[in-house]
Structures are given as structure tokens and as C-alpha cells.
Amino acid sequence: MKNFIIICGILISSLHGLAQQHSYNYLVKQYCAEARKMEIAKKPKNQIFSANIALSNKLRNENSDTIEAIISNIRAANDTLTQMEAMVIYSKQYIHSIIYNCNYYLQINRMAIDSCPPETKSLQYITLRINQYLLAHPEFTYQQVIDSTGVKGFEYSMEIKNQVQSDYDMAVIMPNTMITYLFHKSDLFFQAWLYQQSIKLFE
């Protein structure tokens, strides 16, 4: 669990493009293009984390002028901001962009949490229902996504008591089993949770 926070911290000031390409989308595309070359599925975790740190440092160093330009633009739009406040605004937006637009970033962070529990019919059903529910509520805040996932997960498990009993030889699925499975199988839930955890760096 600690590793993904370290990764987020290192990436905060990374991935800055050329002067005419300051958008966060461009920065994320640069990271994803390089991360793709890391062959995540073929390497052990420690090598992936080390390679990711090296990649972040490389991109940060190569584009150091761009981060200054982005932060300057943020401050120009609001001259009451300090340099640190502008950096925090940039960092939060960058983290949001990479979480919601780069699957490789999600893959790396999923490697830093508990392994995915074995698939069962119960977990498949619950995940399908939760994904449908979250897709139907794009207006939810990140915290609402997290909270409603827990509530709905329990509700949906109650709809299939016999299947749960068959899969686990008990009346309910252990909460940690359900949540960990959803971390791996529900992008909408994992993205909201990962973003909320990441911005705690700035509290």
C-alpha cells in the first residue's frame, strides 16, 4: 500500500512536454508511451517500481522548463497564489489526468496493492452491478464513488445469498476480499480511491 503513494509523489512534477504542448493530456501521453515500453506484465514488481522512478526522473529532467511555464500560467491566472499553492494545483490536476487517462499508471499502482482474490461468480456479479451503478452516476464525487461502492457491494451480495454461500461457505463475503477484487476489476472505483489517496499528499 505504501508503494503507490511513493510512486504518486515521485510523479507529481514529472512529464512535461514542449512549449507548445503544455496540456496535461500531452504529458500523460508521453508517460504512457514510455511506460508501455517497460513491459509491465513481464517484470517483477521491484523492477517495475525502479523503472518507473527512473522514467519519472528522466521525463522531469528533460522537461524542467515546462513545469515552470505551467506553474507560471497558473499563478498568472490568480496572482494571489504562492509558488507552492500553484504547484499543488498543478500536481492535483496532473495526478487526476494520469489516473483517468493512462491504463499503465493504473497497472503499476495495482501491483502495489494486495493481489486480486480468486474470481468467483459472486464477485463477478457484484462487480458488474457496481460498474453499472457507477456509470449511471457520473455526477458522484470521488468520495461518493468510494462510499456508494461499499454500500452497494453489500446490497448486491445480499441479492445472491445462495451463490455467496456456495462460493465462500459463509453468508457474506469478507469486505477486504470484495474491496480488493474491485480495486483490480473496477476502474471507476479504483480511480476514485487512488485519486483520493494521492491528494492526501497535499493535506
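The protein has eleven helices and zero strands. Helices (H or I, at least four residues) and strands (E, at least two) are DSSP runs, numbered from the N terminus. From the N terminus on, the elements run α-α-α-α-α-α-α-α-α-α-α. This is a predicted model, in which local features need pLDDT of at least 70, side-chain atom pairs count only at pLDDT 80 or more, and totals for chains, interfaces and linings use all residues. Residues are numbered from 1 along each chain as its sequence is written, and side-chain values use heavy atoms, with hydrogens and water left out.

## Overall packing

Of the 203 residues in the protein, 42% are buried. Buried means under 20% relative accessible area, exposed over 50%, and partly exposed in between (1.4 Å probe, protein chains only). The accessible surface comes to about 10,800 Å². Carbon and sulfur atoms hold 54% of that surface. These areas come from the Shrake-Rupley method with a 1.4 Å probe; for residues, only the protein chains shown count as cover.

Contact means heavy atoms within 4.5 Å. Among contacts with a separation of 6 or more, 77% are between residues 24 or more positions apart.

## The disulfide

The structure holds one disulfide. The term is used for a pair of cysteine sulfur atoms within 2.5 Å. Cys32 is joined to Cys102, with an S to S distance of 2.0 Å. The pair links distant parts of the chain, 70 residues apart. Cys32 sits in helix α2 (residues 24-36), and Cys102 in the loop between α5 (83-101) and α6 (103-110). Cys32 counts as buried because its relative accessibility is 9%. Cys102 is buried too, with a relative accessible area of 1%. Cys116 is partly exposed, at 31%.

## The largest pocket

The largest pocket has a volume of about 180 Å³. On a 1 Å grid over the protein atoms alone, a cavity is a set of points where a 1.4 Å probe fits but cannot get out, and a pocket is an open set with protein on both sides within 12 Å along at least five of seven lines; lining residues have an atom within 4 Å of a point. Grid points are joined across faces, edges and corners, and a volume is the space filled by probe spheres set on the points.

The lining consists of Tyr100, Leu134, Leu135, His137, Pro138, Phe140, Tyr142, Val145, Leu188 and Ala192. Helices α7 (121-135), α8 (142-159) and α11 (187-199) each give two or more residues to it. By class, the lining has nine nonpolar, one polar and no charged residues. Here Ala, Val, Leu, Ile, Met, Phe, Trp, Tyr, Cys and Pro count as nonpolar, Asp, Glu, Lys and Arg as charged, and the others, Gly among them, as polar.

Thr141 lies in the loop between α7 and α8. Thr141 is partly exposed, at 42% relative accessibility.

## Pairs brought together by the fold

| Pair | Separation in sequence | C-alpha distance |
|---|---|---|
| Ile48 and Met111 | 63 residues | 9.0 Å |
| Tyr168 and Thr120 | 48 residues | 9.1 Å |
| Thr141 and Ala192 | 51 residues | 8.3 Å |
| Ser148 and Leu134 | 14 residues | 8.5 Å |

Ile48 is found in helix α3 (residues 45-62). Ile48 is buried, with a relative accessible area of 0%. Not counting residues up to four places away in sequence, Ile48 touches Met38, Glu39, Ile40, Lys43, Ile108 and Met111.

Ser148 belongs to helix α8. At 11% relative accessibility, Ser148 counts as buried. Beyond four places in sequence, Ser148 touches Tyr133, Leu134, Phe140 and Gly153. Leu134 and Phe140 also line the largest pocket.

Tyr168 is in helix α9. Tyr168 is partly exposed, with a relative accessible area of 21%. With residues up to four places away left out, Tyr168 touches Thr120, Ser122, Leu123, Ile173 and Thr177.

Asp169 has a positive phi of about 55 degrees, although it is not a glycine. Asp169 counts as exposed, at 65% relative accessibility.
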